[in-house]
Amino acid sequence: MAAALALAQRGRGRTAPNPNVGCVIVGDGRVVGRGWTQPGGRPHAEAMALKQAGEKSRGATVYVTLEPCAHRSERGPACADLLIAAQPERVAIALGDPDPRTNGAGAERLRAAGIQVMGGVAEAEARISMAGFLTRRAKGRPHVTLKLAVSLDGRIALASGESKWLTGPEARAHVHLERARHEAILVGRGTWEADAPTLDVRLPGLEKRSPRRLLLARVRGIQGWEAIASPADIARLEKVDHLFIEGGAETAASFLREGLVDRLLLYRAPVLIGAGKAALGDIGLGSLEEAHGRWRLTDARQLGSDRLEVYAAL
């Protein structure tokens with residue numbers, strides 16, 4: 001299942017409104033089929049893996065990160081039916097599908113056809129892998145990641161506004177990888193006016209995965225940009241299940257005030273700035289007690305001379 005989860009990440013940021021699913025088929029102790037949801041949502045991971053496995057899927061074990069769909073679509077057959085036709089011995093599922101058109105029906109159809117079904121395999125990891133799809137289903141909005149690049153004393157720029165480059169090349173490359181994993185990226189009007197950011201992906205081989213560019217501002221008609229008037233408007237974005245916020249301080253604060261940040265990437269450079277621009281504006285705290293118990297550290301790593309910490313909202 002770990003291999004299937006890794007494959008699922010290949011589709012993240014490109015499959016909305018479908019989930020990014022991974023699938024691995026093992027027959028006679030060997031991997032005979034691999035698949036992940038393709039751009040635009042089709043083919044599904046199971047269809048891709050079954051096509052690769054062919055007759056070797058008979059009697060095999062299928063590992064899939066989300067319950068196979070049970071509903072027919074104009075874009076392709078139900079994955080539960082494809083699996084039944086392929087006749088594997090068992091199917092291991094990480095997470096049930098919350099889509100009411102499936103929601104247990106896919107697993108039940110497999111069992112009715114005599115296929116062993118194991119559920120809940122690496123369920124916690126699958127929830128993280130498909131956070132965008134699940135957040136859209138549960139909250140009606142994209143899963144939001146906020147990126148902050150700060151000095152040791154919490155500044156994002158000198159008092160003059162100079163911020164290029166606060167972090168080193170390894171941290172900046174990681175940011176570009178994160179961009180490639182999101183359907184859309186957002187900045188505030190102040191950042192747009194001061195920096196004229198391109199917000200594209202500049203990693204070899206991933207240039208075509210640059211996300212849609214969004215501007216938090218009450219303006220329209222800026223070529224190459226989509227404007228939204230308020231943080232709440234992200235719920236109206238079509239085919240966006242992962243939203244990446246890059247700046248600036250007031251934009252970040254506005255999303256935090258509204259409780260719309262699910263994941264925080266904190267890149268900390270080993271420098272002291274002193275009098276400079278703070279990373280955040282007012283986030284609406286009434287007391288210090290309110291600041292506690294809101295975030296959980298999920299990852300930490302060194303990126304060249306910089307330190308990355310990843311937090312999940314509680």
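How many bridges join strand E1 (residues 22-27) to E2? There are 6 bridges between E1 and E2, and the two strands run antiparallel; two strands pair if DSSP finds at least two bridges between them, and strands (E, at least two residues) and helices (H or I, at least four) are DSSP runs numbered from the N terminus.

This is a predicted model, in which local features need pLDDT of at least 70, side-chain atom pairs count only at pLDDT 80 or more, and totals for chains, interfaces and linings use all residues. Residues are numbered from 1 along each chain as its sequence is written, and side-chain values use heavy atoms, with hydrogens and water left out.

An open sheet of 5 strands has the order E2-E1-E3-E4-E5, with mixed pairing. Strand E2 (30-36) and strand E5 (116-118) stand at the edges with a single partner strand each, so one side of each is left without a neighbour in the sheet. Within E2, arginine 30 is the bridge partner of glycine 27.

Pockets are open sets of points on a 1 Å grid over the protein atoms alone, where a 1.4 Å probe fits, with protein on both sides within 12 Å along at least five of seven lines; lining residues have an atom within 4 Å of a point. A volume is the space filled by probe spheres set on the points, which are joined across faces, edges and corners.

| Pocket | Volume | Lining |
|---|---|---|
| Largest | About 1100 Å³ | 39 residues |

Lys147, Ser163, Thr191, Asp195 and Glu246 lie nearest the centre of the largest pocket, and H7 gives the largest share of its lining, 6 residues.
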